[in-house]
Amino acid sequence: MSATGEKVVDTAEEVAEDVGHAYGSWFKSYMKIFGRRALEWFLVYMFGYYNVSFGWLMAPLFFLVLRDKRAKEKKIKFDIIRSIANADEKDIIQEIQRFSNLPSWVTFPDMERVEWLNKIIRQLWPYAGQYVKDLCKYSIEPSMRTALEEYKLNGFQFEKIILGDTPPRFSGVKVYDDTSRHEIIMDMDFAYAGDCKFEVSVSKFKMGIKDLQISGRLRIMMKPLVRQIPLVGGLQVFFLNNPDVDFNLIGLADVFDMPGLSDILRSIVTEQIGHMMVLPNRYPIQLVEDIDVVELKCPAPAGVIRLNVIEAQNLMKKDIGIMGTGKSDPYCILRLGAQKFQTKTINNTVNPKWDFCCEYFCSSDTRFGNQIHFEVFDYDHMSKDDFLLRANLDVQEIWKNGEVDMWVPLSEAKSGRIHIRATWLDLSDTADSLQLQLEEIRALQVTTKNPLHSAVLMVWVDSAKKLNQIPDPFVRLYVGNEKGETAVRQRTNDPVFEEGFTFLVRNPRTQELKLEVIDQKTNQIQGKVELDLNVFLKERKMEVIGEDYSLSGASGGLSTLKLNITLRILKTALKTDDGDGGPQEKDVSVPAPGGGIEPPAEVTSVEEVMSTAATPLMQMFPSATSSEESSIRQRTTPASNAGIHGLGRVQLTVKYGPRNNLIIVVHQIENLPKEEDGELPDPYVKLYLLPDRSKDSKRKTDVIKDDCNPKYDERFEYPIPPNELTQRTLEVNVINKKGLLFLQRSPKMGQVRLDCGLLDASKMTQWYDLAPAADDDEE
């Protein structure tokens with residue numbers, strides 16, 4: 001009786017306890033619903049009692065409806081991704097095979113190997129927690145903290161990291177067979193829709209995310225291959241393009257889970273993933289000690305693609321005008337991995353001409369399966385921009401041909417086409433090719449105002465020694481307007497960073513590299529290094545390896561920063577097929593800024609054989625030394641030429657002086673057009689040093705009346721530090737004084753813009769064709 005009786009009593013008590021819990025749960029649930037409804041009715045009553053505008057009530061209800069709709073859409077999407085992530089590979093492929101043709105490289109033996117891989121990952125997943133925690137704390141947390149500080153959200157940190165039980169899933173594996181013998185390149189589809197949970201704190205508020213979803217095309221590079229187990233020295237893991245990312249917010253952050261605010265949070269997360277592991281950025285994993293860490297963590301680019309988006313035609317008409325005819329305001333977004341550029345918007349046209357140039361870093365593996373994506377949109381002021389067309393261009397095609405000039409085939413568009421020109425630029429380790437590249441850039445910038453580059457700078461920040469006190473140091477790097485930062489190293493005087501950075505350089509003759517070692521706790525600079533890039537042009541192979549640089553401004557003068565610095569010159573090499581499918585270089589002639597064909601670098605140009613007679617020009621440079629005087633050329637009058645635009649041309653001498661001043665001599669103008677009534681113009685020249693268009697930046701010559709070929713020989717100066725030279729553009733405007741008196745015609749007769757970062761000391765005096773002045777230029 002006792003044993004059985006005790007068991008019965010225990011069971012009765014358990015039942016009573018369960019009933020009590022169930023009743024309590026039911027009561028709490030209904031009380032929560034009652035409280036919510038009571039609050040809603042109370043708010044409505046108060047709005048009416050105080051006669052508050054009905055709009056204040058509708059606005060939050062509107063956002064709540066949008067939020068509820070968004071939550072339902074996210075749940076459907078999450079369920080789809082989770083079903084894919086948890087499904088059997090063979091089931092997925094067989095289902096797809098019913099509706100479409102699979103790629104030739106997908107076979108059922110491949111699927112079996114993928115399933116084997118996924119089984120291994122499922123078994124290893126419970127042991128991945130500590131690795132993910134370290135990744136979040138030491139890699140993601142500092143980047144997120146910096147990104148959120150721009151939105152005045154400070155002190156971001158992870159409080160709790162739970163991976164959950166659902167691992168990521170891989171499918172669609174492809175291994176490339178035409179790579180180097182020392183590497184293996186493998187692509188696969190990555191899908192994660194797990195039950196993870198991350199809790200964070202921002203500005204003393206706690207919040208979190210759950211139901212994280214990430215999907216995209218992942219690349220794994222096994223490099224280098226070694227002769228000891230595990231046979232692979234390291235891995236480079238990265239997405240080929242920005243992955244699709246979504247998540248649900250919990251805690252205080254749930255308030256922000258509505259259109260607009262939540263989009264900002266998701267864009268920040270996507271941006272940080274892009275910085276860390278979207279092409280050209282890679283996440284390195286070292287497997288063997290004795291390998292080249294620099295090559296693993298910061299591989300040198302194989303080249304640069306210079307891309308020119310010229311124009312588009314016959315785009316869809318999205319805007320309806322007063323007369324019923326449609327137009328669009330198109331702009332183009334260009335993407336290669338995480339590298340993104342955008343053209344300006346051309347208003348009221350379906351045939352825009354952009355003449356937009358940009359440049360992309362390309363690693364040795366970029367040509368395998370990578371594409372440059374073009375998307376054209378119609379800009380709308382009041383609503384979401386309308387999609388117009390999408391097109392793709394294979395990087396392999398640019399690499400193989402050296403240059404392509406084509407109308408790119410469209411996808412997902414009813415009408416329209418886009419005209420692009422793309423050039424592959426190799427990297428040269430000799431300074432001889434710099435001058436030719438600078439000439440090519442000047443020629444290209446006759447039609448485009450976008451900054452182009454002549455070199456690539458690779459900086460490996462190895463370590464620092466003997467820093468002051470015990471800081472939390474990191475290194476910040478500057479090259480022109482570009483900036484990079486290492487991760488923070490906690491509580492150390494001798495931090496080891498081992499991080500690499502790659503910068504595009506406009507002109508290594510005039511630019512410099514700046515590095516600052518900063519204590520994160522106090523935001524104080526521990527020391528800095530400033531290096532003139534012109535020095536590296538004279539080094540063997542233009543590189544310095546393992547150099548210890550003293551940190552200026554550090555107390556005691558013993559602090560050092562260890563760096564590897566490599567400079568490479570961009571070199572245009574049009575390629576043709578040599579019969580074996582491999583590329584061969586061939587010579588390329590460069591269009592000269594004034595029209596015609598520029599001779600190769602070793603051929604003496606017309607400007608270089610000009611007379612060096614010293615008269616009026618020497619008087620304009622009284623401060624020049626004798627060596628400088630010999631390089632200054634006298635004004636000469638070449639054969640008659642109205643320029644490529646028919647507006648005439650101007651002869652200028654532009655040089656950067658020894659006292660940090662930009663010197664401009666306006667010599668003469670040739671073949672200005674007459675007025676419409678046959679009257680001769682009264683021209684003068686006006687200068688601005690952009691981006692400043694104030695009175696302090698303006699310089700003017702005298703007015704010469706009734707002359708289409710005026711001669712000025714007037715000298716002007718701008719004081720400017722060397723580090724700001726690459727950020728300035730000299731604008732030269734030819735103005736008709738008579739035009740100022742008549743409103744029916746523009747006083748501007750033509751314009752030239754010169755990039756101060758691309759000044760050539762060997763060709764200071766040149767003729768420049770006048771181009772039409774931009775409509776948005778101020779008078």
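Which residues gather in a patch of positive charge on the surface? They are Lys-695, Lys-698, Lys-700, Lys-705 and Lys-737. The model is predicted: local features need pLDDT of at least 70, side-chain atom pairs count only at pLDDT 80 or more, and totals for chains, interfaces and linings use all residues. Numbering starts from 1 along each chain as its sequence is written, and side-chain values use heavy atoms, with hydrogens and water left out.

**View 1. Lys-700 in the patch of positive charge.** Lys-700 belongs to the patch and lies in strand β35 (residues 699–700). Strands (E, at least two residues) and helices (H or I, at least four) are DSSP runs, numbered from the N terminus. With 43% relative accessibility, Lys-700 is partly exposed; buried means under 20% relative accessible area, exposed over 50%, and partly exposed in between (1.4 Å probe, protein chains only). Patch residues have over 30% relative accessible area and no salt bridge, and like charges are joined within 9 Å.

**View 2. The aromatic pair of Trp-125 and Tyr-192.** The structure holds nine aromatic pairs, for which ring centres of Phe, Tyr and Trp (its six-membered ring) lie within 6.5 Å; planes under 30 degrees apart count as stacked, over 60 as edge-to-face and the rest as tilted. Trp-125 and Tyr-192 form a tilted pair, at 6.1 Å centre to centre and 45° between the planes. Trp-125 lies in the loop between α4 (108–124) and α5 (129–149) and Tyr-192 in strand β3 (residues 184–193), so the pair ties together parts 67 residues apart in sequence. Trp-125 is buried at 14% relative accessibility, and Tyr-192 is buried at 5%.

**View 3. The salt bridge of Arg-282 and Asp-365.** A salt bridge is a side-chain nitrogen of Lys or Arg within 4 Å of a carboxyl oxygen of Asp or Glu; the count comes to 29. In the bridge between Arg-282 and Asp-365, the closest N and O atoms are 2.7 Å apart. This pair links distant parts of the chain, 83 residues apart: Arg-282 is in the loop between α6 (261–277) and β8 (283–286), Asp-365 in the loop between β14 (353–362) and β15 (371–378). Both Arg-282 and Asp-365 are buried.

**View 4. The salt bridge of Arg-306 and Glu-440.** The closest N and O atoms of Arg-306 and Glu-440 are 3.9 Å apart. Arg-306 is buried, with a relative accessible area of 4%; Glu-440 is buried at 14%.

Note on methods. Patch = residues over 30% accessible without salt bridge, like charges linked within 9 Å, V, L, I, M, F, W, Y side chains within 5 Å. Areas by Shrake-Rupley, 256 points an atom, 1.4 Å probe, with all protein chains shown as cover. Lys, Arg positive; Asp, Glu negative; His and termini not counted. Charge placed at Lys NZ, Arg CZ, Asp CG, Glu CD.
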